[in-house]
Amino acid sequence: MLTIDCPFCGPRPETEFGYGGQAHVAYPEDPHALTDEEWAQYLFYRDNPKGAFAERWVHSAGCRKWFNAVRDTRTYEFAQTYPVSAPRPELLSKGA
Ligand SMILES: [Zn+2]
């Protein structure tokens, strides 16, 4: 079984976690100023890299806190987990 290292609780089985999509996707400052295409881009379009990818996860069967993780999409290996307030890790390529 895959183990995920919650930054608040430590290593736990993957069944305790929920996936929350791509991390570091900022809400638009003025959503009403966006065109329909820009709004659709924000809502539905996400990166799909082969390799390191920053994702949001929630420890739903534990502390119930959200955090970010860098996972390799080729191997499922978690390289790093960090609080949502922490800066984007440097090991990510631009746009991931
Ligand atoms: Zn936790």
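1. From the N terminus on, the elements of the protein are ordered β-β-β-α-β-β-β. That comes to one helix and six strands, where helices (H or I, at least four residues) and strands (E, at least two) are DSSP runs numbered from the N terminus. The model is a predicted one, in which local features need pLDDT of at least 70 and side-chain atom pairs count only at pLDDT 80 or more, while totals for chains, interfaces and linings use all residues. Residues are numbered from 1 along each chain as its sequence is written, and side-chain values use heavy atoms, with hydrogens and water left out.

2. As to overall dimensions, the C-alpha atoms of the protein fill a box of roughly 45 × 25 × 20 Å, taken along the principal axes. Of its 96 residues, 30% count as buried; buried means under 20% relative accessible area, exposed means over 50%, and partly exposed lies in between (1.4 Å probe, protein chains only). Among contacts (heavy atoms within 4.5 Å) between residues at least 6 apart in sequence, 46% join residues at least 24 apart.

3. The zinc ion is coordinated by C6 through SG, C9 through SG, H59 through ND1 and C63 through SG, at 2.1 to 2.4 Å. Donors here are N, O and S atoms within 2.8 Å of the metal (3.2 Å for Na, K and Ca); water is not among the atoms, so sites may look incomplete. Along the chain, the donors follow the spacing C-x2-C-x49-H-x3-C. C9 lies in the loop between β1 (3-6) and β2 (10-13), and C63 in the loop between β4 (52-58) and β5 (66-72), so this pair ties together parts that are 54 residues apart in sequence.

4. The geometry of the site is tetrahedral because the four donor atoms subtend angles of 104 to 118 degrees around the zinc ion. Four donors count as tetrahedral if all angles lie between 85 and 135 degrees; four count as square planar and six as octahedral if opposite donors are over 155 degrees apart and all others between 65 and 115, and anything else is irregular.

5. R64 is not a glycine, yet its phi is positive, at about 65 degrees. Most residues other than glycine have a negative phi, and most peptide bonds are trans. With 62% relative accessibility, R64 counts as exposed.

6. Strand β5 runs antiparallel to β6 (residues 78-83), and five bridges join them; two strands pair if DSSP finds at least two bridges between them. V70 has Q80 as its bridge partner in β6. The two strands form a hairpin with five residues between them. Y76, in the loop between β5 and β6, is another residue other than glycine with a positive phi, near 70 degrees. Its relative accessibility of 53% makes Y76 exposed.

7. The largest nonpolar core has seven residues: I4, C6, F17, W57, F67, A69 and F78. Such a core is a set of buried Ala, Val, Leu, Ile, Met, Phe, Trp, Tyr and Cys residues joined through side-chain atoms within 4.5 Å. Strands β1 and β5 each supply at least two residues of this core. Leaving aside residues up to four places away in sequence, F78 touches L2, I4, W57, A69, V70 and R71. The C-alpha atoms of F78 and H32, which are 46 residues apart along the chain, are separated by 37 Å.

8. The structure holds two salt bridges, a salt bridge being a side-chain nitrogen of Lys or Arg within 4 Å of a carboxyl oxygen of Asp or Glu. Side chains of opposite charge can pair when their charged atoms come close. R71 pairs in this way with E55, the closest N and O atoms being 2.6 Å apart. R71 lies in strand β5 and E55 in strand β4, so the pair ties together parts that are 16 residues apart in sequence. R71 is buried at 12% relative accessible area, and E55 is buried at 0%.

9. The other salt bridge joins D72 to R74, with the closest N and O atoms 3.0 Å apart. D72 counts as buried, at 18% relative accessibility, whereas R74 is exposed, with a relative accessible area of 51%.
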